[in-house]
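Please look through the model below with its rings and helices in mind.

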Amino acid sequence: MLISCNGIHKFYQDHHVLRSLSLTIENQDRIGLVGDNGCGKSTFLRILTEQELPDAYEHDEPAIARATNLRIGYLAQNAGLDGSKTVLEEMNNAFASLHAARDTMLQLEQKMEQGLTEEESEEYTRLAAYFETNEGYTTDVRIRTVLFGMGFSEADFSRSISGFSGGEKTRLALCKLLLEAPDLLILDEPTNHLDFQTVGWLEDYLKSWRGALLIVSHDRYFLDRLCTSICELEHGELTRYKGNYTAFTKLRAESRERQQKEYEAQQREIAKLEDYIARNKVRASTAKSAKSREKQLEKIERIDKPFSAAKTARLQFTYSVVPPIDLLEVKNIDLTVGKGTAQKTLMDQISFTVRRGEKIGIVGENGAGKSTLLKVLRNILPHKGTVRWAAGTRLGCFEQESESLNPYATVFDELHDRYATLSDYEVRSLLGQVRLTGENVFKETGVISGGERAKLCFAILMMEHGNVLLLDEPTNHLDLATKEILEQALADFDGTILFVSHDRYLLERIADNLFVMENGTLERFKGSFSAYQEQIRRRIETEQAAAAEEKMRKAAEEKKSNYRSKEQRAQDAKRRAEQKRIEQEMDNLQEEQEQLQNSLTDEAVASDYEKMQAVCNRLEEIRQLQDDLLEQLIMLEE
């Protein structure tokens with residue numbers, strides 16, 4: 001057990017945030033923590049990391065029990081590093097204890113010629129064991145691996161951290177946590193600011209994590225790949241489900257249905273008993289029987305009424321006109337941004353076709369031209385080439401930043417002005433369908449939240465009745481519940497969809513084709529998002545293997561070019577023999593060194609100062625011999 005919570009409570013003013021919350025985290029646990037915004041997830045994480053204390057707990061034992069010397073790493077939202085240190089200096093701070101051990105060992109090694117005291121010898125043995133056990137010789141390799149994997153380049157290593165953006169500082173903070181390798185790693189939205197490739201690397205890295213993981217994330221694909229259990233925080237109560245996020249959604253639905261049925265069955269039984277008691281309690285002939293029913297009623301362990309699920313949006317996209325099968329033809333278009341001297345062509349000579357019913361996900365790095373492509377398809381940006389939609393096509397559009405909304409119009413007026421034939425009641429009903437209710441409908445669209453603007457855009461999208469949906473990042477700003485509702489609505493839609501998204505879960509569920517935009521080109525991938533990722537993985541492996549093979553080929557050619565004469569071959573043979581002799585001698589010294597280091601822990605040696613001194617002197621001789629032999633080996637190789 002790493003950490004255990006037992007019946008803790010937390011209050012903010014009159015709001016009961018956490019109710020009798022209990023959770024045990026074991027080593028190697030992979031837990032996803034989910035819940036609506038404001039449900040108390042961040043509060044719970046602050047309690048786990050001792051930034052806050054619970055207000056009350058129900059048991060005699062402590063509210064939070066932690067394993068001895070437990071190390072917790074916590075990446076909070078918007079966490080970052082600051083200061084004048086370089087990236088490399090900050091990453092090396094993750095190994096501060098190892099560097100301190102190394103420095104002390106060097107100091108003791110310098111004193112070995114004069115002789116070490118018994119305490120110093122014991123200290124050296126302890127430090128050497130600690131340094132080797134914690135892989136102190138590989139810190140540089142580990143730093144480079146993590147920084148490269150998280151998208152930083154060699155040129156970034158010497159940059160001052162203060163010069164990075166907030167998102168980059170968060171990535172650096174995550175890098176440092178990975179290098180520190182705590183027993184329990186708590187990550188709050190770790191995939192923010194990461195592209196597909198970096199998220200994939202992080203997933204692969206965390207799959208082999210030695211400690212436990214507790215992850216708060218809206219990236220359901222990330223939760224699916226990493227988590228073996230999901231904890232849902234709802235109405236202040238925590239419920240744990242086995243499996244990844246996909247399994248959780250199924251188990252939660254089954255659990256809620258079962259709880260509701262059990263509650264309703266018990267309520268029917270209680271009503272039946274109460275009715276019997278009321279009818280028979282006053283009659284002498286049946287009073288005894290009624291009394292028996294009263295006792296039976298008292299013994300019933302009442303099932304709490306299940307929390308009513310919060311009302312969610314209801315999305316449904318419909319159309320009445322069915323377009324032809326050959327829906328869209330694009331020929332030799334260009335994607336251009338900017339004006340005048342700042343104009344830049346992202347892609348040119350793009351051609352493709354779209355057939356009715358296809359659902360195409362558009363992916364690529366930021367700035368690749370994904371949103372520009374959708375605007376060109378809508379003919380709202382000037383472009384070369386032709387975009388030809390079939391007769392009967394009706395477009396329904398969702399913009400990433402809700403650009404078409406009037407920021408000074410109220411939510412109600414925005415919808416009413418677009419569809420003047422709707423009555424006030426119909427407008428309110430439609431807004432209620434996307435969960436925009438109460439006073440929120442009279443707020444200006446420029447001041448409501450991103451999630452509320454997105455819901456307003458979905459209301460407009462439903463009214464457009466498009467048989468083709470063009471969607472730009474439709475799940476941005478949405479909570480998990482609304483994302484699931486949107487996905488189901490898109491899955492049920494039998495029209496055509498072209499959508500830009502970084503939401504891998506949405507891409508996997510909805511897209512049957514992908515437009516991949518990279519390096520100034522657009523390529524079509526016919527298959528699912530997971531199949532595309534597998535192709536990318538195989539391509540990277542092939543490129544790495546080809547690079548390794550090329551390196552070996554060049555080395556072989558270089559080696560071959562050195563064999564120009566019998567004299568040269570003889571010299572090479574002599575050099576190889578000398579190398580082999582030196583390597584064998586180094587192996588023998590290494591073996592002797594290990595035996596001597598092990599002997600330092602032998603009581604017979606440790607208790608005899610002369611023996612200890614002799615062992616330490618010989619170790620110093622071996623290190624000097626190893627240095628000399630290594631220098632000889634380097635000279636031979638050169």
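Helix α3 (residues 96–111) has 16 residues, which at 1.5 Å a residue should span 22 Å, and its end C-alpha atoms are 23 Å apart, in agreement. The expected span is 1.5 Å times one less than the number of residues. Helices (H or I, at least four residues) and strands (E, at least two) are DSSP runs, numbered from the N terminus. This is a predicted model, in which local features need pLDDT of at least 70 and side-chain atom pairs count only at pLDDT 80 or more, while totals for chains, interfaces and linings use all residues. Residues are numbered from 1 along each chain as its sequence is written, and side-chain values use heavy atoms, with hydrogens and water left out.

The buried residues of α3 are L98, H99, A101, M105, L108 and E109. Buried means under 20% relative accessible area, exposed over 50%, and partly exposed in between (1.4 Å probe, protein chains only). An α-helix has 3.6 residues a turn, so residues three or four places apart point the same way.

The axes of α9 and helix α10 (residues 284–299) come within 9 Å and cross at roughly 150°. Axes are lines fitted to C-alpha atoms, for helices over the stretch in contact, and angles run from 0 to 180 degrees between N-to-C directions. The two helices, α9 and α10, are therefore roughly antiparallel; angles under 35 degrees count as roughly parallel, over 145 as roughly antiparallel, 65 to 115 as roughly perpendicular and the rest as oblique.

The structure holds 15 aromatic pairs. Rings of Phe, Tyr and Trp (its six-membered ring) pair if their centres lie within 6.5 Å; planes under 30 degrees apart count as stacked, over 60 as edge-to-face and the rest as tilted. F131 counts as buried because its relative accessibility is 6%, whereas Y137 is exposed at 65%. Y245 and Y505 also pair edge-to-face, at 6.1 Å and 90°. This pair links distant parts of the chain, since Y245 lies in helix α9 (residues 245–280) and Y505 in helix α16 (residues 504–510), 260 residues apart. Both Y245 and Y505 are buried.

E50, not a glycine, has a positive phi of about 65° and is found in the loop between α1 (41–48) and β4 (56–57). Q349 in strand β12 (residues 344–355) has a positive phi near 55°.
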